[in-house]
Amino acid sequence: MGVKGKLTASIEVNCGGHLIHDHFHTKPHLIPNITPSKIQSFEFLKGETIKVGSVVSWKYNDDGKDKIIKHVIEAFDPESKSITWKVIGGDVLELYDSFTVITSCDQHWATWTFLYEKKTEETPEPLVLLGFLIGLTKDIESHLLK
């Protein structure tokens, strides 16, 4: 069994956390248009909306490398504006036995939480991926403030 970890970062958003949440909940297909240097595509593999049981795929560019990540939506809470995405395929699982991403937003904050299990003790903490998602959040915020 690998080493389990939890990593959380919150970023203040001037556009309102509910607008960030809305993009991930109802408009994820627009995110590649907002930040094409980071996200190349978004696709529903199962389902047509972000709801429990939906399966989605993101193609993204991380530090000049094209990558893919597939998630199943495990939980969705409209009141707390949170979505739980369990990774079921893609590059992340090369380093981690399990990986779950929780997005949550409130009035002025967007929060990303990772729950993961490393394949080995030498596996790095997912700080680069966390930085990527913070940058993505800032790009969406900038778009919304235009």
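1. By class, how many nonpolar, polar and charged residues are in the lining of the largest cavity? There are 12 nonpolar, two polar and no charged residues. The classes count Ala, Val, Leu, Ile, Met, Phe, Trp, Tyr, Cys and Pro as nonpolar, Asp, Glu, Lys and Arg as charged, and the others, Gly among them, as polar.

2. A word on the basis: this is a predicted model, where local features need pLDDT of at least 70 and side-chain atom pairs count only at pLDDT 80 or more, while totals for chains, interfaces and linings use all residues. Residues are numbered from 1 along each chain as its sequence is written, and side-chain values use heavy atoms, leaving out hydrogens and water.

3. The whole structure holds two cavities of 30 Å³ or more. A cavity here is a set of points, on a 1 Å grid over the protein atoms alone, where a 1.4 Å probe fits but cannot get out; a pocket is an open set with protein on both sides within 12 Å along at least five of seven lines, and lining residues have an atom within 4 Å of a point. Points are joined across faces, edges and corners, and a volume is the space filled by probe spheres set on them.

4. The largest cavity has a volume of about 190 Å³. Of its 14 lining residues, Trp58, Ile69, His71, Trp112 and Leu133 lie nearest the centre. Two or more lining residues come from each of β3, β4 (65–77), β6 (96–105) and α3, with α3 giving the largest share, four residues. Helices (H or I, at least four residues) and strands (E, at least two) are DSSP runs numbered from the N terminus.

5. The second largest cavity, at about 40 Å³, has Ile20, Phe24, Cys105 and Trp112 among its lining residues. Its lining takes at least two residues each from α1 (17–25), β6 and β7 (109–118). By class, that lining has five nonpolar, four polar and no charged residues.

6. Now the largest pocket, with a volume of about 280 Å³. Closest to its centre, out of 13 lining residues, are Asp62, Lys67, Leu95, Val128 and Leu129. Both β3 (55–62) and α3 (127–145) supply at least two lining residues. Here the lining has eight nonpolar, no polar and five charged residues.

7. Finally, the fold: three helices and seven strands, in the order β-α-α-β-β-β-β-β-β-α along the sequence. Buried residues (under 20% relative accessible area, 1.4 Å probe, protein chains only) make up 45% of the 146 residues.

Key: Buried means under 20% relative accessible area, exposed over 50%, partly exposed in between (1.4 Å probe, protein chains only).
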